[in-house]
Amino acid sequence: MGRHAIVDVHGVLLGRQHYDDSPPGDFIVGLRDAGYLVQIVTNSSSVTPADLTNELVARGIPVCVSDVVTMAMVAAHRLSSLGVGEVAVIGSDVLRSELKRLVPGLRVMEVGASEVLLVTRDPGLTEETLDCVRLHPPRLIFATCKDASFTDASGVHVGPGVTVRRVEKAADREAILVGKPDPYVITEYLGLRGGELDTAVVIGDSLTQDAELAERAGCRVLITGTPENTSCDLPNVTRLDQALDLLRRIE
C-alpha cells in the first residue's frame, strides 16, 4: 500500500521562489523515490487541472494532470455525492465549466434560480446579485474556500472568504466549506481510510489550512516555513531541500 503525500501548490511549489531557492521539482521527485503517491492540491477553483499542470511543468515540476486536485473537482464530487441536480454559482467561468464537465446532467443556474448555491472568489460581485440572494435565499450554500487572502507567485491577493462572507450575510446562512481545512478532500475525494490516513502526510505552509486539514483528517503534517512563519511546534522546515530528511525521521 503506497503512502500518500498531499502537497499544497502555492505554499510549497509556486510561492517560495523569492525566499527559498530549493528546486521544487527535486522535492516532488524525492517524494516519489521515497514511495509516496503525490497529490498536488490547490484551494483554487478558478484554474483547470490541465492549466495548473502546464504551469507546474513549465517551472520544472514533474507532474501530470492525474496528480492535480482543484477545489472545482472537489466541489463537483461533493455535489454529485449529494445528488444535486442544479446549482447556482457565484464565481469564475472556469468553475461553472468544470462543474458541467465533471457532473453529467448538472444544470448550472442563475443566482436565485436554485436552492443550492456554490460560492468562490468573485471580485466583481454586485449588489444586484446579493439582492437576488436576499430575495431567494438558497437552502444550501457551499464555499470552495474561506481564505481571506492567498499568495501566489505574483503576490498576495484578496481571497474567496471576502465573497463568501458577503453572501452569507445576504442569505443569513453559513456556507458549508468544501476546501481546506475541511477533510473532505482527503477522506472522501481521495478516499483515504484507516492505515492510509496513518501513513499519509499533508505538506504545506499554513497552520490554519494545512495543519488543521491534517489534524481533522488524521494525517501527519509537515510545515514548510515562510519568512512570516519560521517555526512552530509541528514538524517544520525552512527549505524544501530539508523536507525529505525530516519526513524520514518522523515516519
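Thr163 has its place in helix H7, where helices (H or I, at least four residues) and strands (E, at least two) are DSSP runs numbered from the N terminus. The structure is a predicted model, in which local features need pLDDT of at least 70 and side-chain atom pairs count only at pLDDT 80 or more, while totals for chains, interfaces and linings use all residues. Residues are numbered from 1 along each chain as its sequence is written, and side-chain values use heavy atoms, with hydrogens and water left out.

Because its relative accessibility is 5%, Thr163 counts as buried, a word that stands for under 20% relative accessible area, with exposed meaning over 50% and partly exposed in between (1.4 Å probe, protein chains only). Leaving aside neighbours within four places in sequence, Thr163 is in contact (heavy atoms within 4.5 Å) with Ile90, Val119, Thr120, Arg121, Asp122 and Leu125. Other residues of H7 are buried too, including Pro160, Val164, Val167 and Ala171, and the elements that cover the buried residues of this helix include S4, S6, helix H6 (127-135), S7 and strand S9 (155-158). After H7 comes Asp172, which has a positive phi, near 55 degrees.

The sheet comes next. Five strands form an open sheet in the order S5-S4-S6-S7-S10, with parallel pairing, where two strands pair if DSSP finds at least two bridges between them. Its edge strands, each pairing on one side only, are S5 (107-109) and S10 (176-177). Strand S7 (residues 140-143) pairs with S10 in the parallel sense over 2 bridges, and Phe142 has Ile176 as its bridge partner in S10. Helix H7 (residues 160-171) packs on this sheet, touching S4, S6 and S7, and its direction makes about 155 degrees with that of S6; such angles run from 0 to 180 degrees between N-to-C directions, the axes being lines fitted to C-alpha atoms, for helices over the stretch in contact. Helix H5 (residues 93-102) lies across S4 (86-90), S5 and S6 (116-119), and runs at about 160 degrees to S4.

Thr42, in the loop between strand S2 (36-41) and H3, is buried, with a relative accessible area of 4%. Apart from neighbours within four places in sequence, Thr42 is in contact with Val9, His10, Leu52, Val69, Thr70 and Met71, and its side chain reaches the backbone nitrogen of Ser44 at 3.0 Å. Asp67 lies in the loop between helix H3 (49-58) and strand S3 (68-69), and is also buried, at a relative accessible area of 12%. Not counting residues up to four places away in sequence, Asp67 touches Arg32, Val38, Gln39 and Ile40.

At the level of the whole chain, the protein is divided into domain 1 (3-43 + 181-249) and domain 2 (71-177), with bounds that come from an automatic or database domain assignment. The C-alpha centres of domain 1 and domain 2 lie 27 Å apart, and 12 residues of domain 1 are in contact with 13 residues of domain 2.

Note on methods
Polar contact = N/O pair within 3.5 Å; in protein donor to acceptor, adjacent residues only side chain to side chain.
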